[in-house]
Amino acid sequence: MKIKNFNLGLGGFLSNNPKLGNFLPQAVTLFAIIFIIGFFTFNAQTNMDTRGIDFGFGFLKQESSFDIQFSLIDYDGSYSYARAYLVGLLNTLLVSIIGIFFATVLGVVVGISRLSSNYLISKLAEIYVEIFRNIPLLLQIFFWYFAALRALPLPKEAISFFDVSFLTIKGFFVPKLVWTNFSVLFYSLVAAIVSIVFIYIYGKRKQEATGQRIPVFLISVGLLLILPLVVSFLGRVGLDFEIPSLVQHSETIFNFKGGINIIPELMALALALSLYTATFIAECVRAGIMGVTKGQKEAAASIGLTPGQILRLVVMPQALRIIIPPTTNQYLNLTKNSSLAAAIAYPDLVLVFAGTAMMQTGRAIEIVSITMLTYLSLSIAISIFMNWYNKKIAIKEK
Amino acid sequence: MIKNLTLLKPNKESLNLYISLGTIFFVLGIADVTFNIFEFLPIWISFFVPLAFCFLGLHLIRVEFSGNKKLDSLNKNINSNWFNAILTIFAIFLLIKSIPPMLDWLFFDANFVGSKKEDCTGDGACWVFINVWFERLIYGLYPINEIWRINAAFIGLILTVGLAFFVSAKIKKYVLIFLIFVYPFIMISLISGGNFGLEWVETNAWGGLALTFIISIFALTFCFPVGLFLALGRRSSYPVIRYASIGFIEFWRGVPLITVLFMASVMFPMFLPEDTYMDKLVRVVIAITLFESAYMAEVVRGGLQALPRGQYDAGKSLGMGYWRMHLLVIMPQALKLVIPGIANTFLALVKDTPLILVVGLLELIGMIDMAKTNPKWLGFAAEGYVFAGFVFWIICYAMSRYSISLERKYKTDR
């Protein structure tokens with residue numbers, strides 16, 4: 001292919017004047033950015049003036065006067081918009097954490113299964129990945145919420161698990177843990193974890209200095225179990241279960257009372273997010289394990305490490321280096337995808353704040369900006385952490 | 001454990017006995033799963049009977065180096081040790097328990113013909129629902145008499161793409177230019193009408209699968225060049241351009257698409273001069289384009305970074321300028337490297353289009369939502385979603401297969 005000289009004269013002129021060539025493109029870019037931002041700000045100002053709206057965040061302190069179906073903290077209509085924002089944010093984080101947990105477990109299992117020598121298992125894992133990865137997430141959420149979970153029985157004919165948990169169309173009712181003197185238990189757990197960290201560091205130093213190993217793992221498990229138990233016994237920590245029970249509201253309407261109700265929206269969302277993201281995590285895990293060469297395992301075996309030690313000390317550290325960066329990216333995607341909650345009315349940040357609160361106050365610019373900034377700061381924080389982590393674990397070549 | 005029992009250790013000498021015994025046990029176990037033969041036993045025993053039978057059966061046929069090729073390959077693939085045997089048994093049980101009911105629902109108990117809800121008498125799916133609503137699901141609320149225009153636009157598209165595949169390389173260039181720069185506008189003027197004696201159809205009436213395609217095609221066409229320039233900008237030696245690109249990319253990558261769509265639908269009109277009006281569909285396409293171009297930029301940047309420095313040096317030493325070097329030397333190699341990444345971004349774009357539902361545009365999934373809330377057709381959500389899932393799966397799977405074949409085609413050894 002013959003390309004004619006398409007320097008428009010300007011290119012030659014600029015390369016002959018290095019200083020100007022350096023300055024001009026940047027100045028043009030800067031000017032264009034300032035112009036666009038200025039244009040938008042000016043228009044927004046005039047538009048708001050004509051409609052009689054003023055810009056400001058004072059509305060956050062006003063009474064919200066709407067209810068939220070599901071909340072982790074105390075909330076009702078008499079609280080402020082800022083509190084509603086917090087409720088939405090906590091709900092987003094809740095579903096993200098649940099989703100991340102199940103997606104990781106399922107993803108690791110499926111990722112390893114795809115490498116299994118068992119033909120049936122690897123084929124099943126592959127079919128699962130190919131199906132769930134290629135269907136839009138929104139569709140999966142809708143399917144679980146509108147088709148699958150709607151087929152659950154009414155509270156009266158609930159599916160019961162050992163008579164303490166009940167699965168119904170109105171949600172999954174599980175017993176609520178009622179603690180007394182919970183803070184004692186909490187501090188004992190913190191103390192156990194801190195001491196485990198110290199023992200781990202001490203054990204590592206001792207091994208490096210003398211070659212002797214102390215059973216860190218056994219000590220950790222023992223500490224984690226025994227210390228809280230002993231302290232709970234001494235500190236009179238009590239645990240009660242509040243078991244949900246069927247209550248008759250009218251002749252035909254029954255519902256469960258007490259316990260914790262995991263609402264169907266949360267179930268559908270967590271289910272769809274985990275099943276969808278797990279396919280991507282499975283691919284990351286597979287790539288990571290395949291990325292460790294056979295020679296590494298053989299070398300480890302030849303210096304006399306046990307199979308467990310090979311996996312723990314040689315294969316996993318190298319596989320994790322490949323697995324963790326893309327997997328974190330998937331965690332981030334899951335958190336952002338949890339905003340699809342708005343489509344099935346799970347009260348997350350987008351639905352509560354960018355939905356209901358915006359309808360009521362009409363402050364589109366402020367509310368959409370706050371919502372976007374929240375997600376943005378979340379992902380920037382995680383990517384800064386990831387960059388730091390990547391640098392730390394990168395192989396230092398000589 | 002079991003290995004130490006010499007009595008139960010299968011060996012080569014009495015191969016036929018072990019195979020027939022093992023097969024009988026295995027078949028008995030499978031039969032128990034299907035027909036519940038041992039139901040009279042207490043539940044906690046009858047629950048484990050098939051598992052035990054199948055396990056015993058697989059154990060008996062696990063004869064190493066039996067000389068029977070089929071048996072050996074079977075043992076190697078699904079029955080190499082007791083752990084694998086258990087996994088196999090669970091996989092088979094799962095298939096037995098899930099596949100037949102699924103097939104029943106999908107085909108054998110399903111109703112295919114009819115025109116109203118009452119025609120669905122079986123226990124299975126009611127495909128009559130899809131049948132009746134088919135036109136709406138594909139074309140949205142587009143006027144029935146004008147549907148030929150959408151068909152014509154897409155058939156034209158397919159023909160032009162097909163043409164590009166078969167003509168010689170010399171003409172192919174012009175066909176591609178026509179396809180990218182001219183055809184989208186022909187398509188839009190054909191579908192929206194308003195001139196050439198065609199009736200004007202508002203974008204509100206556009207919908208269904210056709211809208212999915214329209215949005216995907218436009219966003220794909222635009223997001224690719226924008227992403228290329230952003231990737232170059234991010235690697236630029238000018239700090240202002242570099243930081244502007246980084247800021248732009250990281251902003252779009254950091255927010256969920258749903259908030260971007262909210263921004264396009266409620267916030268963006270505030271930023272326009274008072275009397276101007278921009279169609280909602282246009283705003284949404286711009287929003288999706290900007291959003292996906294940021295992801296595209298990161299993919300392309302990966303390719304640029306993977307190229308060895310020598311390629312840049314070689315380009316420069318031939319006296320090429322910045323643009324020519326990138327056009328002729330860098331980009332062809334970098335893009336080739338990241339074909340899977342580009343395909344993934346395109347796939348993500350197609351899978352993201354249903355989200356436009358939140359700003360009131362009804363593509364395929366939106367139309368299903370509308371159909372299933374129609375009072376005459378309540379209770380057919382599952383059928384609708386299975387249908388939409390099938391359609392999207394076909395599209396996405398075909399795209400990913402195509403990307404793999406492209407990757408193979410352009411693979412060069414380094």
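This is a predicted model: local features need pLDDT of at least 70, side-chain atom pairs count only at pLDDT 80 or more; totals for chains, interfaces and linings use all residues.
View 1. Residues are numbered from 1 along each chain as its sequence is written, and chains are lettered from A and ligands numbered from 1 in the order in which they are written.

**View 2. The overall build of chain A, with 12 helices and 8 strands.** Helices (H or I, at least four residues) and strands (E, at least two) are DSSP runs, numbered from the N terminus. The C-alpha trace spans about 80 × 75 × 45 Å along its principal axes. Of the 398 residues in chain A, 27% are buried (20 or more other C-beta atoms within 10 Å of the residue's own, C-beta atoms being placed from the backbone).

**View 3. The largest nonpolar core, with 143 residues.** Such a core is a set of buried Ala, Val, Leu, Ile, Met, Phe, Trp, Tyr and Cys residues joined through C-beta atoms within 7 Å. A:Ile141, A:Ala268, A:Leu269, A:Ala272 and B:Leu261 have the most contacts inside it. Helix α8 (residues 264-291) of chain A gives the most to this core, 16 residues.

**View 4. The surroundings of A:Leu269.** Beyond its neighbours within four places in sequence, A:Leu269 is in contact with residues including A:Val95, A:Ile141 and A:Tyr346 (contact: C-beta atoms, placed from the backbone, within 7 Å). Another core, of 12 residues, lies apart from the largest one and includes B:Leu60 and B:Ile89.

Notes
Two residues are in contact if their C-beta atoms, placed from the backbone, lie within 7 Å.
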